[in-house]
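The sequence and the structure are shown first.

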Amino acid sequence: MKKSPFKIFLRKVYIFLGSLKLAVVVILSVAVIAAVGTIYEAQYNAETAQKLVYHSWWMKGTLIFMALNLIVSVLHRYPWKKKHIGFMTVHAGILVLMFGSILTSRYGVDGSLYLEINSSNRWVSMSDYEFSIWLADANSRATPFLVQPVDFLVEPPNIDVKVGEDRIQVTDFVPYAYARTQVEPAEGKEDPSVMPAVRVQLFNDRINMTEWMQPTKTRPDIKALGPANMVFANGAYEPTKNANELVLKTLNNNKETLSYEVYSKSKNGLIKKGKIKAGETIETGWMNIQLRLLSYYPKAKIEQTFEALKHPTPLTTSAVAIDYNGEKHWLGLNGVLKLFKENAVYFITYANRRLDLGFNIDLDHFEVGRYQGTVRAASYKSLVNVEGLGQREISMNEPLKYKGYTFYQASFQEDPNTGQPTASILSVNKDPGRWWKYLGALMIVIGAMLMFYLGDYLKKSSGGAKS
Amino acid sequence: MRWKFLAIVLSIFTFYPSAQANPMEPIKFLVVQDAGRLKPYDTFARESLQLIYGRAKMEGKEASEIIFTWILAPELWEEKDFVQLKRKDLKEALKLDLKKDRFSPKELIENDRINLVMQDLRNKVDAKEKLDPYFQAVQRLDHQLGLFRGIVAGHLLRLVPPQEGSSWKSLNELDAEGLEKFSRLSRAFMGVVADGGKGAGEMSEAVKDFKSYAQSQNAELYPADQLMAIEVHYNELDPFFWAWVSYLLAAIVMGASMIATAGQKRWYALAWIFTLLGVAFHSYGFGLRIYLTGRPPVSNMYESVVWVSWGTLLFGMIFEWIYRRKYLLLSANIVGVICLIVASLAPTILDPSLQPLEPVLRSNMWLTIHVLTITLSYSTFFLALLLGDVGLLYFLKDGADKKANDLAQATYRVIQVGVVLLFAGTVLGGIWADYSWGRFWGWDPKETWAFIAFMGYMAILHAKKAGYIRNFGFLVSVVVAFSLVVMAWYGVNYVLGVGLHSYGFGGGGIPFVAAFIAIHLIYIIFAATVYRSKKK
């Protein structure tokens, strides 16, 4: 009986799908795509390589062919004999490994938890992004009216929202942007974000730092400098008890001069006060540190602008340009943009998605061990207090497991001026595919050994079947 | 217990060669705290001279002596051309004499452009930008000058343990007693310079005196004499040098045994003896490094080159023992020679100093298993590369005869071991990463290239199985595939220079490695052309 051409075609496809030819092509394709990925990573960064290469449709499509090839090549050998055992174990192992990887990427959690010393957090920062717009009315009640997962690197932005007469548009996305703080005098502008601003420099023979400071309507701007605080207040300020504090205050109806007060913890209070103008320098009285007032604007607007770079550096971040009723604003990743209208404010965020752990974690203590006589870190550990579990220690290579999550000591942040750690960064992980991946890997290793070293023996004992 | 036993065995060797011949000898054993660990002054001096001058010896004098004279008479050195600077565009930027490779500290420091160049470097570093080879050279120059200044000023020579804390006291932090002991040491040193033989006794007394003073400051922090002695011994013996010399002899003798018409058996046995001798030196050097650092020595490029060649010898010997094919042991010995020569000739690229580990690497067991397994697979692929080279010669000479096909079969066996090790090692790395920071696979360039290399060899094995390539094509592919290993092993760290595995990073050597690969590619193109025309 003659087979129909369609059946012959199907048969041919089936044979091709299980063929060594396809295997070689698929293996080489995966290798080439992966190599391209590493070049992307060297040129740009890991995230770009992942999004544009490793997780691209090219890679996924090739891997689908690989899976088909594996399945069909196993089926080709039916009825299975003893001599196939090595082959079967290896190739089924690869499928199990791929299955585990799919579970991980679909249902796993891989984020990081930022814990400042002596404070708590329950929000894990994930690697995917969200764009949101909130509206806060005069009573500071904020309501979200847009929360949207976004991935601008893969899909360029197309957000265009109209609220009444206002129009908010995302017009541009810059993957590698260098942030600059721009301060402009804003005489006459009536905008709640227009406040006094100063640029100060603190220096001695070891430290030298320059900062812009600007208070808000209700709160002074406080910068922690290790053992001391630098404060800039609009008008009155109540100094913190038992602290080293350097306070700059605006004076009523004086557009040139500020008053300053220096408080010392060891000397129980005020040690110095006076007036300062832009360009003047004063001795603070701590560790020979001097303060120079570089500039003072009684009315200023601080805004961030972003300069697009071709390649990322560790200081670049991604940013979006937002058009608000024809006005252009920049918003950096994990920043907040406030857009003012009469009696209300829009809060716009572009940030890593946050995942609620469902319990708080406090960082009670953080320790860095150093190699003798150097500042090179040898080890670090966090002493955390987990809600519902109590105090536990997390250190490098000694993670903590709780409620399905695993917490690893990933890194820490230190104050660039004092070298003291200020925060610990944990990576938070949940991996439902873990044991599948391990099982698959084990099958591959055992199967390969069976194939390579017991192949002849198995062939003989399965009754001399043709190879 | 085992360590103690090893220490005793070693100490027998150790004190033997420290003959009284060199009256400067005792000074080497002073303890210095530097770069996060305690080391003998000898090591400190060698490393410093290596960085500044480019060699561990100068004008026939040992580093320990040279460095000491920097401290005693810095003015003699200020105007001497000894700071190595080879990079042409940097010399141009500083308007220096392009013909010279070494410059005086004075010339460099007083150079009116150096501040600008250094400021450029600092801007780059502050902006955390990747440094290109030009700026790597600027950074090296910065380190060289900083190191010279630091040694001359005394603050880098930390010789005395503190009563409190962990940072040792440098020369200019010494108390009156310490200063007095040090000046006795200096006088003794001058005595030896003036009149070698006579000053020797006082020199050894002065060193002893200084050491007991240092120890009295904080005995707990002061290391055992023996540890320093073993490190000096390691520096002086240079076991890897003797290892490659033995391998070279073994390779020559094995070559002779393959060509010789008579006495083949005797040549063959002699080749084995030289191989074993080389392996003994190799293993001894390795053992010393492990003992000194207290960790498996595979945390940087230098150590991995040494380890990979050791692995190749191991597999070469195992396969030779089973198959008795001569070319197996020959190939392994050639790999040993290549790797160890490269390791000893390129100390600026492959840093031979003993370094403390990055925090994430401090769980020794996982590091050991993961890295050792992966690098052992490189050993097998390196062996396969040489087998490919030799095998192609066979094909060129006599065509696809039994001998050539037999060699291809042996290579196939070697590759099988390699792919299992590479896969297992990569997975173990995944398990380690999973255990340390919760990520089994993250497409990090190092792991990605290990994966690419694995896929490369997999493609070869499948293609051979399918009959797309025969033995000749197989050997050609094996030679080509080794470039993937080179990329995974060297390229990721030195060419791509990114990723989480950045703790092993360095720069330089690209032209040499590229030439190594290019020569192989030319060789296979030549072989393929000749083989084809022969077949017709």
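Predicted model: local features only at pLDDT ≥ 70, side-chain atom pairs only at ≥ 80, totals over all residues.

**From a hairpin to an interface**

In strand E1 (residues 31-34) of chain B, Val31(B) and Gln33(B) point one way, Val32(B) and Asp34(B) point the other way, and all are buried. To which strand is E1(B) joined by four bridges? The partner is strand E2 (residues 37-40) of chain B, and the two run antiparallel. Within this pairing, Val31(B) has Pro40(B) of E2(B) as its bridge partner. The two strands form a hairpin with two residues between them, and Ala35(B) takes a positive phi near 50 degrees there.

The view may now be widened to chain B as a whole. Chain B contains 20 helices and eight strands. Its C-alpha trace spans about 85 × 55 × 50 Å along the principal axes. The radius of gyration of chain B is 26 Å; a compact globule of 536 residues would have a value near 24 Å, and the two agree. Of the 536 residues of chain B, 44% count as buried. Among contacts in chain B with a separation of 6 or more, 68% are made by residues 24 or more positions apart.

How is chain B divided into domains? The domain assignment gives domain 1 (24-224), domain 2 (238-349) and domain 3 (357-536). The C-alpha centres of domain 2 of chain B and domain 3 of chain B are 19 Å apart. To the contact between them, domain 2 of chain B contributes 25 residues and domain 3 of chain B contributes 26 residues. On the side of domain 2 of chain B that touches domain 3 of chain B, the elements giving two or more residues are helix H14 (301-323) and helix H15 (327-345) of chain B. H14(B) gives the most to this side, with ten residues. Classified by type, this side of domain 2 of chain B has 15 nonpolar, eight polar and two charged residues.

Five strands of chain A form an open sheet in the order E8-E9-E10-E11-E12, with mixed pairing. Strand E8 (221-225) and strand E12 (269-277) of chain A are the edge strands, each of which pairs on one side only. From one strand to the next, the twist averages 15 degrees. Within chain A, strand E9 (residues 228-233) and strand E10 (residues 244-250) run parallel and are joined by six bridges. Ala233(A) has Lys249(A) of E10(A) as its bridge partner.

It remains to consider how the two chains meet. In the contact between them, 45 residues of chain A touch 45 residues of chain B. Which elements of chain A each supply at least two residues of the side that touches chain B? They are helix H2 (20-43), helix H3 (46-54), strand E19 (377-386), strand E22 (405-414), strand E23 (421-430) and helix H6 (434-453) of chain A. The largest share of this side of chain A comes from H2(A), with 14 residues. The residues of the side of chain A that touches chain B divide into 27 nonpolar, twelve polar and six charged.

Definitions and conventions
Residues numbered from 1 in each chain as written. Chains lettered and ligands numbered in written order. Domains from an automatic or database assignment. Contact = placed C-beta atoms within 7 Å. Nonpolar A, V, L, I, M, F, W, Y, C, P; charged D, E, K, R; others polar. Rg over C-alpha atoms; globule rule 2.2 N^0.38 Å. Buried ≥ 20, exposed ≤ 12 C-beta atoms within 10 Å, placed from the backbone. Pairing = 2+ DSSP bridges. Axes fitted to C-alpha atoms, helices over the stretch in contact; angles between N-to-C directions.
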